[in-house]
Amino acid sequence: MTALAAWPYPRWVAHRGAGKLAPENTLSAFRLGAQYGYRFFECDAKLSKDGVLFLMHDAGLERTTNGHGTGSDLSMGEIAQLDAGSWHSRAYAGEQLPTLEALARWCLANQLDLNVEIKPTPGQELETGRACGELMNRIWPQDRTPPLFTSFKPASLQGAKDVAPHIPRGLLVDKLADDNGASPGDIDLQTAIGLGCSAMVLNHDLWTAELVAKVHAAGLRCSSYTVNDAWAAQRLIDLGTDGIITDRVDLFSPAQTGPEL
Ligand code: G3P
Ligand code: CA
């Protein structure tokens with residue numbers, strides 16, 4: 001039994017700012033999530049053509065902006081011109097895609113915690129992870145709770161670890177690796193351990209009592225995405241997991257700290 005990794009984060013994490021209530025990954029979304037009482041925010045970060053980290057989930061611009069093509073083919077100046085709010089609703093028309101630095105500074109100014117999902121444009125896994133680490137080395141004070149880096153891409157976590165080994169990391173897993181005779185989760189757990197991760201962040205359906213026990217015994221925390229139903233959240237709390245990422249900032253109150261929702 002290894003000692004559990006330090007986990008100075010709230011249980012509840014607001015996904016992309018405020019889930020679907022505001023345009024994802026915009027500063028308005030994070031402000032709305034904070035108004036609902038959230039203190040820990042997940043975002044998606046990738047690199048612009050000129051090496052600036054900005055917030056967007058998809059590689060392509062079409063779903064969440066009025067642009068076309070691949071976001072990383074644009075400079076940050078061009079990205080800042082895009083309308084990232086009209087797709088959601090008229091109230092948010094003209095909303096900008098922020099830099100990761102802008103969101104991080106807003107979190108620091110408001111005493112909030114930040115989970116950066118390193119979401120590289122394909123082919124930029126290592127450099128995006130390194131850029132995230134370098135940014136936080138530059139702006140995030142050592143005496144504050146560090147941001148949490150997560151990624152589905154081991155190379156991105158490796159890049160972050162190379163330049164900012166002190167910043168905690170979590171391996172995101174949507175489907176457990178084919179076990180080849182090993183127990184479910186063993187291969188992913190070994191990947192996470194190899195990257196010096198503090199947590200595994202799984203599609204919530206994947207957690208079982210056996211897997212939670214195994215991950216905790218290895219010293220890693222157990223977190224889940226994207227949990228939008230009360231029954232699913234209660235199952236994860238009953239399993240003794242450590243974190244819940246949700247779109248439903250209007251349904252779940254982070255102030256509820258007991259074992260029951
Ligand atoms: O960080 C957890 C979750 O956001 C991962 O999935 O597709 O919503 O970025 P996705
Ligand atoms: Ca994400």
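Ligand 1 is surrounded in this predicted model by His15, Arg16, Glu42, Asp44, His57, Glu117, Lys119, Phe152, Leu172, Tyr225 and Ile245, a residue being near the ligand if one of its heavy atoms lies within 4 Å of it. By class, this shell has five charged, four nonpolar and two polar residues (Asp, Glu, Lys and Arg count as charged, Ala, Val, Leu, Ile, Met, Phe, Trp, Tyr, Cys and Pro as nonpolar, and the others, Gly among them, as polar).

Polar side-chain atoms lie 2.7 Å from an oxygen atom of ligand 1 in Glu42 and 2.9 Å from an oxygen atom of ligand 1 in Glu117. For Lys119, an N or O atom of the side chain is 2.8 Å from an oxygen atom of the ligand. The protein covers 89% of the 290 Å² of accessible area that ligand 1 has on its own (Shrake-Rupley method, 1.4 Å probe).

Elsewhere, the axes of helix α3 (residues 100–109) and helix α4 (residues 125–139) come within 11 Å and cross at roughly 40 degrees; axes are lines fitted to C-alpha atoms over the stretch in contact, with angles from 0 to 180 degrees between N-to-C directions. Helices are DSSP runs (H or I, at least four residues), numbered from the N terminus. The helices α3 and α4 are therefore oblique to each other (angles under 35 degrees count as roughly parallel, over 145 as roughly antiparallel, 65 to 115 as roughly perpendicular and the rest as oblique).

Local features need pLDDT of at least 70 and side-chain atom pairs pLDDT 80 or more, whereas totals for chains, interfaces and linings use all residues. Residues are numbered from 1 along each chain as its sequence is written, ligands are numbered from 1 in the order in which they are written, and side-chain values use heavy atoms, without hydrogens and water.

Definitions and conventions
Polar contact = N/O pair within 3.5 Å; in protein donor to acceptor, adjacent residues only side chain to side chain. Helix = DSSP H or I, 4+ residues; strand = E, 2+ residues; numbered from the N terminus.
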